[in-house]
Amino acid sequence: MSIFDKPTNINFFKPTSFRFICTALPESEFYCQGVTLPGVSINEIPIATPLNPHYKSGDRVLYDEFVIQIIIDEDMKNFIEIHDWIVGLGKPQTTEQFAKREKLGLDTTGVLSILSNASNVTVEYHFNGLWPKAITTLDLAITDPDPATVIASVSFQYNYYEIKQIKQS
């Protein structure tokens, strides 16, 4: 690209245009209000020298955790489905929780779709081996003079993610 070439798309990325879909969390898709798109890094290998150390790129790619923020629905279905998945993975106490563990396991894929200004999907992040590792506490208070919606953060672990550019026609 020369300095005289112009970009083909001059629209800016809007942080409000996204959609998260995970087959294991059907109750949470509509209520997803925010995501933290995880960063990626690579470890470094120090090379000893008599002077300042030098570094080479390592052999481990490290992904930050994936976090979504969801509004808790009135029946708490989305909170319960995440809670039951976590308990089922960790220490199932009932046959239903164990069955959920067998059904969902650690092979779930979640897809974060980034939307254009025209609400078309432009980029997809496919999270492979996705599973919830935490859901935040819910603060409830009868003394709150201005009750707002209750939002919880859900942290996910995964093996890796793939970025897929979607061609626009």
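Start at K133: with 38% relative accessibility, K133 is partly exposed (from 20% to 50% relative accessible area; buried is under 20%, exposed over 50%; 1.4 Å probe, protein chains only). This is a predicted model, where local features need pLDDT of at least 70, side-chain atom pairs count only at pLDDT 80 or more, and totals for chains, interfaces and linings use all residues. Residues are numbered from 1 along each chain as its sequence is written, and side-chain values use heavy atoms, leaving out hydrogens and water.

Select E65 next. E65 and K133 form a salt bridge, with the closest N and O atoms 3.2 Å apart (a side-chain nitrogen of Lys or Arg within 4 Å of a carboxyl oxygen of Asp or Glu). E65 sits in the loop between β4 (54-63) and β5 (66-71) and K133 in strand β7 (residues 121-135), so the pair ties together parts 68 residues apart in sequence. Strands are DSSP E runs of at least two residues, numbered from the N terminus. E65 is partly exposed too, at 34% relative accessible area. The structure holds one salt bridge.

Stay in β7 and pick N128. N128 is buried, at 15% relative accessibility. Its side chain makes a polar contact of 3.5 Å with that of E162 (N or O atoms within 3.5 Å, one able to donate a hydrogen and the other to accept it; residues adjacent in sequence count only if both atoms are side-chain atoms).

Now go to strand β1 (residues 18-22). F18, F20 and C22 form the covered face; R19 and I21 form the uncovered one. β1 pairs with strand β6 (residues 108-115), antiparallel, over five bridges; pairing takes at least two DSSP bridges. Finish on I21, whose bridge partner in β6 is V111.

Definitions and conventions:
Helices (H or I, at least four residues) and strands (E, at least two) are DSSP runs, numbered from the N terminus.
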